[in-house]
Amino acid sequence: MNPETRPFRVALDFGTGSLTPFGESLVRRLSDMAGSYADQAAVDSLLACGADPVIYRAYDAGVPHQPGHLIFRTTIIDAGTVGSEFFMTKGHHHDRDSAELYLGMSGQGLMLMESREGGFSSEELAPHAAVYVPPGWAHRTVNTGTEPLIFLAAYFADAGHDYAAIERSGFSRRVHRGETGPELRPAAAALGEVTG
């Protein structure tokens, strides 16, 4: 039997994304998500020359992964590109369709969201902006700026993460560095019907 979880507080550092007293709990390097980028030659070239940059990292609060609890974490996506595609999270559905809330803390980025039926949405994620992800929508966050993109996410503790569906199908749109700024471009193999 688990001991009762007591109320607690953490300090959020909006400049670094750290949670205190809790520490870094996830680090994803390019080698961890090599199949996530469209330009496989750029991925292979970076990895072949010994570069394996950290794409993003996260700090978790000490909340049990049990029904009734609310997980919250900060994520920091470094600035950069693989080919012309911006650094991004792997993206996922939840195992149990449930909502998630994102709050921009620092930097500039986009939230890509796609329903299982093929509906698509893109929302800006910036300081003081909150983005709501409805149940049943896959989501991926992309750093479109020159500084780290830092945000807070909160979701149900028993939601789970389905990364495999995104690894198989991807998102219907990708975010590339264009001549005048970030550009949403159709993926080579788009998922279903794009509606937005």
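Predicted model: local features only at pLDDT ≥ 70, side-chain atom pairs only at ≥ 80, totals over all residues.
Local features need pLDDT of at least 70 and side-chain atom pairs count only at pLDDT 80 or more, while totals for chains, interfaces and linings use all residues. Residues are numbered from 1 along each chain as its sequence is written, and side-chain values use heavy atoms, with hydrogens and water left out.

**Largest pocket**
- The largest pocket is lined by 19 residues, and Gly35, Ile166, Glu167, Gly170 and Arg174 lie nearest its centre.
- A pocket is an open set of points on a 1 Å grid over the protein atoms alone, where a 1.4 Å probe fits, with protein on both sides within 12 Å along at least five of seven lines; lining residues have an atom within 4 Å of a point.
- Helix H2 (residues 164–169) gives the most to this lining, with four residues; helices are DSSP runs of H or I with at least four residues, and strands are E runs of at least two, numbered from the N terminus.

**Val27**
- Val27 belongs to strand E3 (residues 24–29).
- Val27 counts as partly exposed because its relative accessibility is 38%, where buried means under 20%, exposed over 50% and partly exposed in between (1.4 Å probe, protein chains only).
- Beyond its neighbours within four places in sequence, Val27 is in contact (heavy atoms within 4.5 Å) with Asp32, Val54, Tyr56 and Arg57.
- Val27 and Tyr56 are 29 residues apart in sequence and 6.1 Å apart in space, C-alpha to C-alpha.

**Backbone features**
- The peptide bond from Thr20 to Pro21 is cis, with omega near 25 degrees.
- His128 has a positive phi, near 70 degrees, and counts as exposed because its relative accessibility is 75%.
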